[in-house]
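Take a look at the fold below before reading on.

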Amino acid sequence: MPKNKAYLEITNVCNLSCSFCHGTKREPRFITKEEFSLAAQRLRPFADYLYFHLLGEPLLHPELSSFFEIAGALGFKVNITTNGTLLKEREPELLEAEALHKVSISLHCYEVNSIGMTLEEYLELCFDFCKKAADKGKIAVMRLWNKGGSDSMNKEILEKMHTAFPREWQELYSGYKLQEYVFLEWGQLFEWPDEDAPDFGSDHSCYGLRDQVGVLCDGTVVPCCLDAEGSINLGNIFESSIEDILSTPRAQALKRSFQTRNVAEPLCRRCGYAAKLRR
């Protein structure tokens, strides 16, 4: 089975408001345990890796431990992306979850929010969690995906990171390996796809439907992890199997358009991430 990714949004609610995030106009929602179980079962034939987000802060969900157990029983490797502010509260569940494979922390959230703690306190929280996760054999990735955006604090963050992880860092294509299981990942700021954004044209491809699929917290299936509003609604995972959904004419046409680099879907033609890859 290919190591595909499924993004299952367990909530679209977040405790921060980041300028680089698309946000959503959808009704606030938390997926139920029953809905999660059904969606995870139906996604398993497609994917090996299950991400607990598309939008939203997954550490807000009260059923997080149950979701780890369900995903683990199905053989998923679980990845979580978080802003890091709730790591202390959810640390026991995260560290003890056998299914948890990787935690990615968006450090760039600090500069564009008022989160009620100093930068030193926030970084200490994140660094401490990364070290504990590494001791458990879990991958911890700290992200600075803000190149070209609000990045004035990066120098100070890196200085403190060097103090916390003093070994010689190994340079990688995406950043650095700070120690075993702990990484720093760079990223360029990009524009989320939006139907009101400029049309970048049809000549690009995408990972969507090739090695990933997304599911919003109401069950709506979308082609990738960046369709924040469900603009490309391919079906509902609570009502149909993933095989049936991906066999629909719209899904098949979209997949072919990526293969032939002749994209017709309006949202995909306005995807800043795809445009960045094309450059």
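The paragraphs below cover a helix, the nonpolar cores and one proline.

This is a predicted model. Start with helix α4, residues 119-135. At 1.5 Å a residue, its 17 residues should span 24 Å. The C-alpha atoms at its ends are 24 Å apart, so the length agrees with expectation. Just after α4 comes Gly137, with a positive phi of about 80°.

Now look at the buried residues of α4. They include Leu119, Tyr122, Leu123, Leu125 and Cys126. Phe127, Phe129, Cys130, Ala133 and Ala134 are buried too. What do the buried residues of α4 pack against? Their partners are helices α3 (87-96) and α5 (154-164), along with strands β4 (100-106), β5 (139-147), β7 (175-179) and β8 (182-188).

Next, the cores. In soluble globular proteins, nonpolar side chains tend to be buried together. Here the largest nonpolar core holds 75 residues. Phe36, Leu43, Leu50, Phe52, Leu107, Met161 and Phe165 touch the most other members. Helix α4 gives the most to this core, with 10 residues.

Finally, turn to Pro92, found in helix α3. Is Pro92 buried or exposed? Its relative accessible area is 53%, over the 50% cut-off, so Pro92 counts as exposed. Ser65 is 27 residues from Pro92 along the chain, and their C-alpha atoms are separated by 9.7 Å.

How values were computed:
Residues are numbered from 1 along each chain as its sequence is written. This is a predicted model: local features need pLDDT of at least 70, side-chain atom pairs count only at pLDDT 80 or more; totals for chains, interfaces and linings use all residues. Side-chain values use heavy atoms; hydrogens and water are left out. Helices (H or I, at least four residues) and strands (E, at least two) are DSSP runs, numbered from the N terminus. The expected span of a helix is 1.5 Å times one less than its number of residues. Buried means under 20% relative accessible area, exposed over 50%, partly exposed in between (1.4 Å probe, protein chains only). Contact means heavy atoms within 4.5 Å. A nonpolar core is a set of buried Ala, Val, Leu, Ile, Met, Phe, Trp, Tyr and Cys residues joined through side-chain atoms within 4.5 Å.
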